[in-house]
Amino acid sequence: MDFALDKKHEMARALFKEFAENEVKPLAQDVDETEEFPAETVAKMAKYGFLGIPVPKEYGGQGCDPLTYTMCVEELAKVCGTTAVIVSAHTSLCIDPIMTYGTEEQKQKYVPDLASGRKLGAFGLTEPGAGTDAQGQQTKAVLDGDEWVLNGSKCFITNGKVADVYIIIAVTGIIEKRGRKMKEISSFIVEKGTPGFSFGTKEKKMGIRGSSTYELIFEDCRIPKENILGAQGKGFGIAMHTLDGGRIGIAAQALGIAEGALERTVAYVKERKQFGRSIAQFQNTQFQLADMATKVEAARLLVYKAAMAKATQRSYSVEAAKAKLYAAEVAMEVTTKAVQLHGGYGYIREYEIERMMRDAKITEIYEGTSEVQRMVISGDLLK
Amino acid sequence: MKIVVCVKQVPDTKGGVQFNPDGTLNRAAMLAIMNPDDKAGLEAALRLKDQYGAEVTVVTMGLPKASDVLREALAMGADKAILVTDRVLGGADTWATSSTLAAAIRNLEYDLIITGRQAIDGDTAQVGPQISEHLDIPVISYAQDIKIEDGHVIVERQFEDRYHVLKAQMPCLITALSELNEPRYMTPGGIFDACEAEITTWGRADLKDLDDANIGLAGSPTKIAKASDKVRKGAGEKVTLDPEESVVYLMGKLAEKHII
Amino acid sequence: MNLEEYKGVYVFAEQVDNKLSGIAFELLGKAKDLAGDLDTYVAAVVIGSEIKGLADELAAHGAEKVIVVDDPELKVYRTEPYAHALSEVINKYKPEIMLVGATAIGRDLGPRVSARVATGLTADCTQLEIGDFPINPVAGKEQKHNQLLMTRPAFGGNTIATIACPDNRPQMATVRPGVMQKIDKIEGAKAEVEEFNPGFTPDNKYVEIMDVVKAVSETVDIMDAKILVSGGRGVGSPENFRILEELAEALGGEVSCSRAVVDNGWKPKDLQVGQTGKTVRPQVYFAIGISGAIQHVAGMEEADVIIAINKDETAPIFDVADYGIVGDLNKIVPELTKQIKAAAISK
């Protein structure tokens, strides 16, 4: 077993790091402050292929692997949590299910535009009354001739309004399973601009404030019959499998936030002087940093392991759940400690650590809360 | 059009230089990067490729590790890469380096050669013009803009207080300023391909038109008599004087440092 | 190569628009020292079109001999005809030392000429002296005397190397402008003037000059400024920055500031030096009324010379300043400006 990255992954990391430092970091404060979607950064990322990293070249992607994509999200998150989640939601939650479950026609139609970044993707599962609990879904899709008619709404949708292509989970009927009536769930590809598809209110968030989070509203929204993704009734499995991949992206985002906070804190404690010496010379500081660094390293190993599992295994739910659970909790813990070590400067906006702590919190919540990850992990243990 | 770009791997001095506890430069701790002016030269070549169509070959001379910058160049969009490496070429000054690179370039077809103005480790700005002399072709240094018009290159050549618009025949050598452009990034897919790509490696034996008297340390007319790492400065002088005396003191210091 | 044949310290006397550049006089000043040590003469080589009239000015700055290469092809600087001219001068006159300014012209001409006459060239020298090579005797190796020892910074100024060119002539160096001292003008001095024209036949290496565009000054980036006059909270008010602006103007520099000044709305953010502003590396940095918080110092500690003026003698800025003045900036700065202006006029 070799923990060293090979040449191509090392070079890719250097690329993402350089891009993040030069193009993303200078805007991060402003993106947070104004809550504006960083459209120019997204355009730049599109130009350099960052929006189709794990997609095969024949579909307009970069032909790289999940680990490379993971490192991209990680490096972006080190400087800007918002930018990282844009890439993650687009790649993991929109391109990935089309590549995995789409017909050849669907892949040809949607993936080249998405992978090249000409179009942006999003994923709609969550509803006002249903999060990861698929049976709580209310949005309905009814087949009417050659069209599916969608009615209902989705909330907290990352890349909402700015995305062009949406993967939407909806109820397509009631089935009986072992004597119980259950909702039949299917997934669909819906394009922005389809009549009956509109956007509700923009959410104002604690963190990742530049990411565009919207409510999606479907009112007799008619989409072509062929826009069903995967077989009818397979939507729940598709959604869950998609979230497994998404969790690796969010785990990478959490990891990046933690790493970014740790880096800044290490630099800060060497400079900041109290009682005549740098605070790095205090044992409390040293021990705190040691714990932070150890946890970050452990999180990195879990995240990379999950990325490798996605590349080589059919199912990687448990790996993804462990990576996300741990990395998200480390992100929260490390950023909280980083703020503490920064003292007053940690609490003011100019010093970024404050933003990182706010950004970290969401990683414990979206794409399955930490509690849901624990359910997945323990469910596998006790099955 | 065939473009040859010369690049050099240099230690990164951005964000500060690393020192050993004894005050000497810690080269091992510094990242090795593609020299910034060379990267601008490569970008200029890639833009000509995008605009007019061209084959871009990158050449470097250095240790085997210098292949890293060649892979970076390939990942940015260069077509071919050549590493000139041989123990006997080591320790070369600008004369020996330019003689060697000129010999390597003679093995290639070229319409245009682009080098960076200067490398951030040596800061000499000599190798580009010297290659052009060895190849007996025109040189335009300090390019801030490059265009191709009916078989000629049109270059804005920077001076301290002006620029000249120059037109030269091809083949021609241009030295690029880092202000010339904003170099593109690699792409992830480009990196994966570059890591699979073959890098041509040439040793002494592959360089035909080259005299042994002009290579390596022995073939370098300039010799290092003494080298030292600059000691970092700490606090200087602090004086408390009345205003008139303060001004006299400052005028003295400014004159001493040739500031006035 | 018979090294003994090579005599004299030669200087390429750069001219632009038929006006000699300051570097020409600086090189002559240094050449005079070197020629004294070598017991030889100082010559200036001036290349251009209708430039014979420049000989006296070169003589007044220490040239004993002036070689004039005057040809219509040389009107505006182009690498090839100039390289041809200077190479032919070297081939004919065989100088022992050939100094060229490390300017946009000299850094193009120098390497091309050195390659043509097959000698070494040391770039961007900041110190030149005559000495032995090797500096200390080495067993089994001849120690050559009367060598030009050329000292230059490398690695962005982080290392210093001294270079010799023991086996080739001329010993060539480009010299950084503003480092060497010119001599006081010798009024009425005359030099031996020789005209030399090696003939100019345009070939593939001659480039065509399509346009000459002189720069118009634009708004400046403090990162490009050679001299920065930076103010902090201690300046007291936005109006009071005027005294800093006047000092900057007298020195040909620019004004920058600390974070406190930006936070107070006295100056725009693009003038801010420091961790959350810009990192600057000017030749001279004046820190006026700046306490020198670490976040500020991180952005300016690489300046070549740091001059601090602050009324608080415990201000941390004094820990990084080369020259620190404890005093009232309102009294010191205007007076300094006045004296700098006076000094400029008297020159």
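## Basis

This is a predicted model, in which local features need pLDDT of at least 70, side-chain atom pairs count only at pLDDT 80 or more, and totals for chains, interfaces and linings use all residues. Residues are numbered from 1 along each chain as its sequence is written, while chains are lettered from A and ligands numbered from 1 in the order in which they are written.

Helices (H or I, at least four residues) and strands (E, at least two) are DSSP runs, numbered from the N terminus.

## Chain A: H3 and H6

H3(A) covers residues 66-79 and H6(A) residues 235-271. They pack at about 40 degrees, with axes 7 Å apart. Axes are lines fitted to C-alpha atoms, for helices over the stretch in contact; angles run from 0 to 180 degrees between N-to-C directions. The pair is therefore oblique. Angles under 35 degrees count as roughly parallel, over 145 as roughly antiparallel, 65 to 115 as roughly perpendicular and the rest as oblique.

Contact means C-beta atoms, placed from the backbone, within 7 Å. On H3(A), the contact residues include A:Thr70, A:Val73 and A:Ala77; on H6(A), they include A:Ile248, A:Ala252 and A:Leu255. By class, this contact has 9 nonpolar, 5 polar and 4 charged residues. Ala, Val, Leu, Ile, Met, Phe, Trp, Tyr, Cys and Pro count as nonpolar; Asp, Glu, Lys and Arg as charged; the others, Gly among them, as polar.

## Chain A: H8 and H10

H8(A) (residues 317-342) and H10(A) (residues 353-362) cross at roughly 160 degrees, and their axes come within 9 Å. They are therefore roughly antiparallel. A:Met332, A:Thr335 and A:Val339 are among the H8(A) residues in the contact, and A:Met356, A:Met357 and A:Ala360 among those of H10(A). The class count is 8 nonpolar, 3 polar and 2 charged residues.

## Chain B

Chain B has 6 helices and 13 strands. Its C-alpha atoms fill a box of roughly 70 × 40 × 40 Å along the principal axes. Of its 260 residues, 51% are buried. Buried means 20 or more other C-beta atoms within 10 Å of a residue's own, exposed 12 or fewer, and partly exposed in between; C-beta atoms are placed from the backbone.

B:Lys253 sits in helix H6 of chain B, residues 243-256. It counts as partly exposed because it has 19 C-beta neighbours inside 10 Å. Its C-alpha atom is 41 Å from that of B:Ala96, 157 residues away along the chain.

## Chain C: H1

H1(C) has 17 residues, 22-38. At 1.5 Å a residue it should span 24 Å, and its end C-alpha atoms are 25 Å apart, which agrees. Its buried residues include C:Ile23, C:Phe25, C:Leu28 and C:Lys30. C:Asp39 follows the helix, with a positive phi near 55 degrees.

Note on methods. Expected span 1.5 Å × (residues − 1). Contact = placed C-beta atoms within 7 Å.
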